Amino acid sequence: MSPEAPIVSSPQPFDGGICLALNGEIDLSRSPELRNALLDAVKSKPDRLVLEMSGVTYMDSSGVATLVEALQKMNAHGGKLVLAGLQTKVKSIFQIAKLDTIFAIVDDIESAKTV
Amino acid sequence: MSDCFNINLRIFSQPRYACVARAAITAAVEKLGFPDDACGQVMLAVDEAVTNIIRHGYPDRDDGPIDITFTADESDPTRAAFTIVVEDEGEQIEPTRIKGRDLDDVRPGGLGVHIIREVMDHVTYAPRTDRGMRVEMTKSIDLPVPDAADPTNTA
């Protein structure tokens, strides 16, 4: 069985924060990997953490839980977490869970850096 | 040949198998004529049911069986409808204790039950006779009326 591609890209710093690109299906089998990457990213207390999610084709509640945890840690030091480029079906879980008003969700990375 | 459209699938209590259940159910629901967004939501609900069994039904096992049955209800040609049953042989819980949490309490976890109830028309939980749980989910939609003026529309 061939190894799966990493679910999270290497962090890309930008002026004012860090950007991570997420990819693939994020379910219970892969959300621990995402959690570890997010915990690493927030450890340095960035002012802004942007998650570029256009490559995420599926996310379940275990994936959402990792984002909620990251959001809480960012909020704790006054940082901002922004989700960018969510596919419609991925956005759906945020709407069902009524988290679409809790998270900052924008269409693209450039908007995510300034919202 | 039976006219009944149904699927029986057994996976085991490892997270890596959840994608198999998602793929099978999505294909079945698409076949019935559900639109893409509804297919995605049904896939999510089934995934949540499977994940809950892996986490809570088999907390210490990775070989616990999870049986998924999909049965289409094709009695009404104007509607697409199905029943999905997910059963396990793991821990049992009183159904009244299975409830989604308050969504205003924003914290990681605890969304699975809420998602299943939001997506499906009806959901019931029941302990099985010897061990394990049974969750039954149903959903139906009106199918679009074929356009009689369009000869290429075979819906």
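Modeller: Contact means heavy atoms within 4.5 Å. The model is predicted, so local features need pLDDT of at least 70, side-chain atom pairs count only at pLDDT 80 or more, and totals for chains, interfaces and linings use all residues. Residues are numbered from 1 along each chain as its sequence is written, chains are lettered from A and ligands numbered from 1 in the order written, and side-chain values use heavy atoms, without hydrogens and water.

Colleague: Is B:Ser13 buried or exposed?

Modeller: B:Ser13 sits in the loop between β1 (6-12) and α1 (18-32) of chain B. Helices (H or I, at least four residues) and strands (E, at least two) are DSSP runs, numbered from the N terminus. Buried means under 20% relative accessible area, exposed over 50%, partly exposed in between (1.4 Å probe, protein chains only). At 3% relative accessibility, B:Ser13 is therefore buried.

Colleague: Which backbone oxygen lies 3.0 Å from a polar atom of the B:Ser13 side chain?

Modeller: Setting aside neighbours within four places in sequence, B:Ser13 has contacts including B:Arg61, B:Asp63 and B:Ile66. Its side chain reaches the backbone nitrogen of B:Asp63 at 3.3 Å. The backbone oxygen at 3.0 Å is that of B:Arg61.

Colleague: In chain A, what is the bridge partner of A:Ala84 in β5(A)?

Modeller: Chain A has an open sheet of five strands, ordered β1-β2-β3-β4-β5, with mixed pairing. Strands pair if DSSP finds at least two bridges between them. β4 (residues 80-84) and β5(A) run parallel over three bridges. The partner of A:Ala84 is A:Val106.

Technical notes:
Polar contact = N/O pair within 3.5 Å; in protein donor to acceptor, adjacent residues only side chain to side chain.
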